[in-house]
Amino acid sequence: SLEAKLRDSPDSELLRDILQKPSEGSVTLSESTAIISHGTTGLVTWDAALYLAEWAIENPAAFTDRTVLELGSGAGLTGLAICKMCRPRAYIFSDCHSRVLEQLRGNVLLNGLSLEADITANLDSPRVTVAQLDWDVTTVHQLSAFQPDVVIAADVLYCPEAIVSLVGVLRRLAACREHQRAPEVYVAFTIRNPETCQLFTTELGRAGIRWEAEPRHDQKLFPYEEHLEMAILNLTL
């Protein structure tokens, strides 16, 4: 099983080592020690990202040899776990905040992965990209360049404005795959406020996006509160 060790670094950031059997690798993260830092919540790992990473490790076939786009990657734990343990063809981390993107690039390199422009990249590893993506202004043309087979997001339903923006991006993703199969979409979240969840499903309905809940998985690999209620929705664009 996985275990987590936390140690403080002098610059008030956190290095989180997620350790597994040596044969299967590990994930190391640099995170902020504050919930809000540099005006963003994206510098710390939230519980649904851990939950989604567990689900991915239990369901690697959903990602193997596929191109994955993550919306709101934050510190990057979910994507790093997928890159190391699910063997995607390509992985696109994305966020809109410059400090988050800087940390994401650092965490990719910290885990021995190469960014796409690196000519020394390991051909056995996925092609990794870190992209700036503002949900409110990104276009169908920009999204179509990613050509994702799978789209994921974790703990991004934190306010009504974010929900509306996320559903807008999902509608554009559906539009940019007009002549091809639409990507599979998995959105993980912690159920903190039932009204927020209701707003998300209502907005999905208005956009014509069907959804169903994934069964709760059995793996408990990461440390998070036992009492938290979390869910993963599988969306059909």
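Phe93 touches Glu70, Ser73, Gly76, Gly79, Leu80, Leu104, Val108, Val128, Thr129, Val130 and Ala131 in this predicted model, when residues up to four places away in sequence are not counted. Phe93 is also, together with Phe63 and Ile152, one of the residues that touch the most other members of the largest nonpolar core, a set of 40 residues. To this core helix H1, which spans residues 47-58, gives the most, with 9 residues. Apart from it lies another core, made up of 29 residues, and Leu69, Ile92, Val169 and Leu235 are among them. In soluble globular proteins, nonpolar side chains tend to be buried together.

The protein chain as a whole contains 6 helices and 10 strands, and 51% of its 237 residues count as buried. Among contacts between residues at least 6 apart in sequence, 69% join residues at least 24 apart. The accessible surface of the chain comes to about 11800 Å², with 50% of that area belonging to carbon and sulfur atoms.

As for the cysteines, the count of disulfides comes to 0, taking a pair of sulfur atoms within 2.5 Å as the criterion. Cys83 is in no disulfide, since the nearest cysteine sulfur, that of Cys86, is 9.0 Å away.

| Residue | Relative accessible area | Class |
|---|---|---|
| Cys83 | 5% | buried |
| Cys176 | 15% | buried |

Technical notes: Residues numbered from 1 in each chain as written. Predicted model: local features only at pLDDT ≥ 70, side-chain atom pairs only at ≥ 80, totals over all residues. Heavy atoms only, no water. Helix = DSSP H or I, 4+ residues; strand = E, 2+ residues; numbered from the N terminus. Buried < 20%, exposed > 50% of the residue type's maximum accessible area, 1.4 Å probe, protein only. Contact = heavy atoms within 4.5 Å. Areas by Shrake-Rupley, 256 points an atom, 1.4 Å probe, with all protein chains shown as cover. Core = buried A, V, L, I, M, F, W, Y, C linked by side-chain atoms within 4.5 Å.
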